[in-house]
Amino acid sequence: MSYFSDMQVVEWWHMPFLSFDQDIPDQFSATMIGWLGDKVSSKGELPHSILEKLEWAYDHRLFDQGFLGCHECEICCNYSDRGEILIEDNQNMYVAPRMILHYIKEHRYLPPEVFVNALNHLIIDQLDKKADL
Ligand SMILES: [Zn+2]
């Protein structure tokens, strides 16, 4: 799997037809989160309420470049996943591999605080919208 340091900004692209939201631009500047490679850069305990929101995002904020295929966890070589999660906040587009959930649960990876905050904001918005329906 690709390695990027946390908060590294790269030009990213995706296949809109594979995405949860087809209005996302085909190409955009992405802030990379959780592309760990073979070691955990930052460890700690993610609050349970945030973990639940990430689990929600894992199912509902999925997008994909289509051809990357499965990523294997290079830390334990015991788990694989595919696709990315997009979290938007304050005009930042955070892109994490779906594997991030495994990194957090199994390897105690702790993402940067701005990403934790972004997750918090976004999902609350989404759940509010749902509650209004
Ligand atoms: Zn692993």
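**View 1. Gln91 is exposed, with 6 other C-beta atoms within 10 Å.** Gln91 sits in the loop between E6 and E7. Strands (E, at least two residues) and helices (H or I, at least four) are DSSP runs, numbered from the N terminus. Gln91 is not a glycine, yet its phi is positive, about 65 degrees. Most residues other than glycine have a negative phi. This is a predicted model: local features need pLDDT of at least 70, side-chain atom pairs count only at pLDDT 80 or more, and totals for chains, interfaces and linings use all residues. Residues are numbered from 1 along each chain as its sequence is written.

**View 2. Cys77 lies in the loop between strand E4 (71–72) and E5.** Its phi is also positive, near 55 degrees. Cys77 counts as exposed because it has 9 C-beta neighbours inside 10 Å.

**View 3. Leu54 belongs to helix H1 (residues 48–60).** Leu54 is buried, as 24 other C-beta atoms lie within 10 Å. Leaving aside residues up to four places away in sequence, Leu54 touches Leu101 and Leu119. Contact means C-beta atoms, placed from the backbone, within 7 Å.

**View 4. Helix H2 (residues 100–107) has the highest confidence, at a mean pLDDT of 97.** pLDDT is the predictor's confidence in each residue, from 0 to 100. Ile100, His102, Tyr103 and Ile104 of H2 are buried. Their cover includes H1 and strands E5 (80–81), E6 (84–89) and E7 (92–97). Just after H2, Arg108 has a positive phi of about 55 degrees.

Definitions and conventions: Buried ≥ 20, exposed ≤ 12 C-beta atoms within 10 Å, placed from the backbone. Contact = placed C-beta atoms within 7 Å.
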